[in-house]
Amino acid sequence: KPSFGLYGTRKTFLFSSDSSKPILPCSSTLSEVGAGLQREFGFPVVWFGRCVIQVQFTDSGISRVLGFSSLLLNCLLIVNLVTRVRLEMEGEQLTEQETALYDRQIRVWGADAQRRLSKSHIFVYGMKGTVAEFCKNIVLAGVGSVTLMDDRAVTNEALASNFLIPPEEKVYSGKTLAELCCDSLKEFNPMVHVSVEKAELVTLGQQFFEKFDVVVISSCPPATKILINEKCRKLSKRVAFYTVECRDSCGEIFVDLQNYKYMKKGKADGPASECELRYSSFQEATSAPWGRLQRRTSKLYFAMRVIESFEEANGRNPGVFSVEDVPAVLQLKRKLCEAQSVSESFVPDTLLERLVIGSIEFPPVCAIIGGILGQEVIKAISGKGDPVKNFFYFDVVDGKGVIEDISSRAPEADSASSKSANIITQVVLE
Amino acid sequence: MASLQQSPAIKGAKVLMVGAGGIGCELLKTLALSGFEDIHIIDMDTIEVSNLNRQFLFRQKHVGQSKAKVARDAVLRFRPHISISSYHANVKDSNFNVDFFKQFNVVLNGLDNLDARRHVNRLCLAAEVPLVESGTTGFLGQVSVHVKGRTDCYECNPKPSPKTYPVCTITSTPSKFVHCIVWAKELLFAKLFGDKNQDNDLNVRSSDSTGSSEQAEDVFERKANESIEQYGRRIYDHVFGYNIEQALSNEETWKSRNKPRPIYSRDVISAELMQQNGNSDKAGSAGDPLSVSAMASLGLKNPQDLWSLKDNSRVFFEALKLFFGKREKEIGSLCFDKDDPLAVEFVTAAANIRAASFGIPLHSLFEAKGIAGNIVHAVATTNAIVAGLIVIEAIKVLQKDFDSYRMSYCLEHVTQKMLIMPVQPFEPNKSCCVCSETPLTLEIDTNHSKLRDFVEKIVKAKLSMTSPLIMHGSSLLYEVGDDLDDAMIANYSANLEKVLSSLPSPVTSGTMLTVEDLQQEFTCNINIKHREEFDEENEPDGMVLHGWTQVPTKPKDDDDKPPTGNGDSSKTSQTETVEAEAEVVVKINIEEIGASGNKRKAPDSRDISTDPPSNDVNEATAANHKKVHKIDDGDDEEELVMLDHWDIDTNKKQKLR
């Protein structure tokens with residue numbers, strides 16, 4: 001049995017194929033160690049018999065081989081192994097071109113985060129203005145690939161808020177929204193692979209989503225969101241799931257990272273600690289009993305649920321065809337409030353009226369929501385930074401960008417200390 | 001709100017954007033989508049590769065072209081029917097005067113330096129045009145509205161001055177890597193490759209005898225019969241060996257400090273290795289100076305690797321050799337430029353060798369470049385968010401919706417459940433010397449300081465004036481302009497070299513000077529107070545300006561900060577050699593809330609607060625103007641606003657280290 005360990009402020013790996021003298025106690029098997037290393041740094045480890053190698057990892061990969069001991073191994077083999085590890089790492093390093101292009105953002109999130117970004121695959125459904133903003137942001141950030149899906153044709157609404165669509169009819173006619181966006185996005189960053197997938201979203205099987213690290217769904221009925229979310233949750237790998245909607249001058253982002261572990265930065269240079277967040281599914285998060293939520297919960301949460309109910313009941317989005325939907329939406333709200341045993345004033349009529357009448361996106365809000373969503377996806381891929389759990393709201397009227405943590409599963413912690421309640425385990429590594 | 005896209009307030013508005021960089025690209029796109037139809041954009045910069053990760057209107061093929069023009073063309077492709085005018089020019093040019101500014105309904109800043117921000121602020125005040133100001137760094141961002149008489153102006157609240165270091169820390173007693181970088185960049189690089197006539201402190205402190213400065217000049221001059229290897233070794237041994245020995249001889253200095261170790265080239269690199277150091281064929285062509293690289297010729301690949309002392313020495317010699325071999329024509333006129341790979345390599349190597357000598361941890365080229373180039377961290381998402389917030393404020397300004405103006409912050413860590421936090425705009429600062437004409441006081445040695453010192457260190461560096469005019473009563477002491485005759489020019493340049501007390505109209509204690517910038521239409525009165533002694537460490541300018549809203553340098557803590565994006569990092573550099581990327585350092589601005597928050601907190605501790613939640617809009621608008629009430633269910637979190645910002649700032653600082 002080999003040993004395999006991790007300690008120190010820098011990532012220093014000590015691994016040995018000699019089971020009799022483990023450097024650090026560890027119960028892994030040789031193949032588990034190999035798999036662990038491969039997972040952690042994305043390069044395969046090849047074993048040359050018995051040896052101990054100590055390498056120092058920095059943000060950019062192996063910075064140096066600190067030492068090795070191999071009483072039974074001849075020098076040639078050691079050299080082979082060291083060169084091998086170096087070579088493998090070199091393949092993982094950012095190219096000169098990438099370093100030059102991404103210079104400013106590597107200074108924000110580090111080279112290892114940039115490497116992880118470049119290996120990530122994103123699926124996006126529903127190409128409206130906010131999603132166009134989001135796609136621009138992640139393509140610029142340098143993700144591995146972006147797959148777009150939206151078979152709808154160009155409408156005036158799309159032209160109004162989606163800057164990826166050229167306004168000449170002869171260019172856009174006959175093409176789908178996804179195709180047009182794909183053409184524009186490709187130009188933003190030649191290092192990112194942007195493509196279009198044509199299919200019915202609801203008919204896609206579970207295995208389709210296995211190819212992706214991130215799935216973003218927008219402008220489709222809530223039932224479809226629930227369906228896709230469940231498919232992602234059933235996969236053996238963790239797929240980060242997001243929904244995003246903008247109406248008028250408001251926007252909502254939903255985040256489901258399932259069980260998410262990351263290193264939380266310590267305050268004031270303190271040690272980083274491992275932090276685990278447990279997310280709710282879209283269905284759980286959108287069906288929380290209203291009466292139990294804090295009074296200060298963003299009104300947009302409730303208003304968006306009313307809009308969803310209308311969509312479920314009528315099979316269409318309110319306001320898209322007519323502002324005459326307003327009375328029906330308000331009536332639906334009264335019914336919902338009654339069913340939830342909360343007062344009618346719980347969801348302000350003025351807010352709902354805005355959302356129904358102005359069902360079209362407002363470009364500055366697209367930029368803001370698309371920017372936050374881009375940031376969140378980058379955080380989830382890179383494992384750096386505190387992710388949003390689990391809703392984000394922005395409304396121009398108050399100018400606040402607010403985070404809400406809402407689930408139907410467990411009762412809310414009743415104080416503002418919900419942030420610390422999220423932390424399930426804390427292991428100090430330093 | 002969406003119907004606003006057709007609103008006459010937006011359609012009819014004439015908007016000036018200053019800056020077409022990171023924020024500018026996002027802003028121009030969002031303005032066009034939001035229904036703005038008459039947009040003017042000024043930017044003096046051209047496109048670089050490192051812009052492309054976020055300035056999405058630019059492509060590889062545009063590198064080297066005008067940002068303003070390429071951005072205009074790119075946006076016209078998806079909004080062909082609107083009018084965008086681009087100016088590839090400096091906003092400080094004289095044709096962008098008060099009359100030019102007056103034609104606009106609102107001015108939107110996406111700038112990268114304090115100087116230009118001040119300039120635009122003054123023009124907006126003079127032209128009475130509202131200004132929306134913005135900045136980002138990393139995940140932090142900020143947007144604020146400045147309307148004359150209604151809110152503070154951009155200069156009402158203190159901005160920390162660019163970091164300066166005492167000369168002797170740089171020349172003799174460095175304790176941090178940044179000190180070594182400043183030494184390598186401002187002293188050694190400038191000495192070897194820059195203007196030979198410029199004052200340079202490189203040798204002053206390292207030897208005691210007064211006659212040594214002439215002898216020192218000879219050291220840096222390459223002798224006629226000297227090979228480049230010999231010359232390199234002589235420079236190396238002089239600055240890393242001999243100078244350190246000299247410094248060591250002053251034992252007083254090292255009583256409470258770690259002694260440095262002299263390093264000589266023979267101990268690091270053997271003669272053979274020196275011979276076969278680099279493969280110049282791989283170093284790049286002489287035709288394109290920016291393609292020449294010592295790393296390439298030495299086969300060093302990863303800029304994030306930490307080089308050993310030996311590697312650094314090899315880079316040092318190779319870079320020197322390449323400068324003399326392939327870029328000899330430029331020697332004597334070079335300035336450090338973060339986009340010049342050979343210059344970055346030389347400075348990294350020299351700083352690391354010096355660091356090794358002083359027992360300071362070495363840094364990679366990537367890190368060194370960030371410090372030397374004052375590089376501002378930047379990502380696309382923050383710029384996009386900030387651009388959205390700017391447009392929202394611009395629309396409020398056009399609709400004259402005074403009560404809902406907000407100053408907004410993008411935060412990295414959730415604060416009071418928020419990632420985007422709006423706060424009330426500040427009131428004008430009654431003692432602001434820019435928008436309320438309060439006189440300043442200058443302590444200066446009137447018998448020793450020349451008018452030139454006053455112009456350089458105060459009028460230009462502190463007051464950010466571009467075409468100043470200095471008056472004592474009715475007599476003109478100095479003026480800049482195109483329409484001066486030869487006699488006046490001669491008179492003014494003679495004045496520059498005179499000490500204040502012997503000017504034609506003597507400036508002594510109690511004198512009131514009037515300094516005016518005709519372009520900015522900004523006038524400032526300065527009371528002169530004579531003082532003879534200045535502390536070299538804390539008052540390196542040899543003069544102290546009071547009443548000017550700049551945060552005094554904090555003693556210890558501040559030293560840890562890397563140089564900020566706008567400004568020079570050393571006392572010795574008078575000109576701003578550094579171009580930060582398109583965005584500004586929010587760190588500064590976030591400190592600003594902290595600082596001004598403290599200030600404003602004194603009379604009324606509830607003066608600063610977040611604004612009320614949306615569902616109480618009516619109640620809020622009635623109640624919140626100026627005297628803020630906390631409507632947010634009365635918890636005490638609001639009081640912490642500024643503390644939180646301080647925390648964010650310190651976190652950031654620590655991360656940057």
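Reply: This is a predicted model. Over all chains, the count comes to 40 aromatic pairs.

Me: Why is the pair A:Phe302 and A:Phe346 called edge-to-face?

Reply: The ring centres lie 4.7 Å apart, and pairing requires centres within 6.5 Å. The planes stand at 65°, and planes over 60 degrees apart count as edge-to-face. The pair is therefore edge-to-face.

Me: What makes this a link between distant parts of the chain?

Reply: A:Phe302 belongs to helix α13 (residues 299-314) of chain A, whereas A:Phe346 lies in the loop between α14 (325-339) and α15 (349-357) of chain A. The two are 44 residues apart. Both A:Phe302 and A:Phe346 are buried.

Me: Why is A:Lys136 said to lie over the face of B:Phe56?

Reply: A:Lys136 is at 5.0 Å from the ring centre of B:Phe56, and the limit for the distance is 6 Å. B:Lys14 likewise lies over the face of B:Phe104, at 5.8 Å from the ring centre.

Me: Why is B:Ser357 called buried?

Reply: Its relative accessible area is 2%, and buried means under 20%. B:Ser357 is therefore buried. This residue lies in helix α14 (residues 341-357) of chain B.

Me: Which residues is B:Ser357 in contact with, leaving aside its neighbours within four places in sequence?

Reply: B:Ser357 is in contact with B:Ile244, B:Pro260, B:Arg261 and B:Ile263.

Terms used
Residues are numbered from 1 along each chain as its sequence is written. Chains are lettered from A and ligands numbered from 1 in the order in which they are written. This is a predicted model: local features need pLDDT of at least 70, side-chain atom pairs count only at pLDDT 80 or more; totals for chains, interfaces and linings use all residues. Side-chain values use heavy atoms; hydrogens and water are left out. Rings of Phe, Tyr and Trp (its six-membered ring) pair if their centres lie within 6.5 Å; planes under 30 degrees apart count as stacked, over 60 as edge-to-face and the rest as tilted. Helices (H or I, at least four residues) and strands (E, at least two) are DSSP runs, numbered from the N terminus. Buried means under 20% relative accessible area, exposed over 50%, partly exposed in between (1.4 Å probe, protein chains only). A charge sits over a ring if NZ of Lys or CZ of Arg is within 6 Å of the ring centre and within 35 degrees of the ring normal. Contact means heavy atoms within 4.5 Å.
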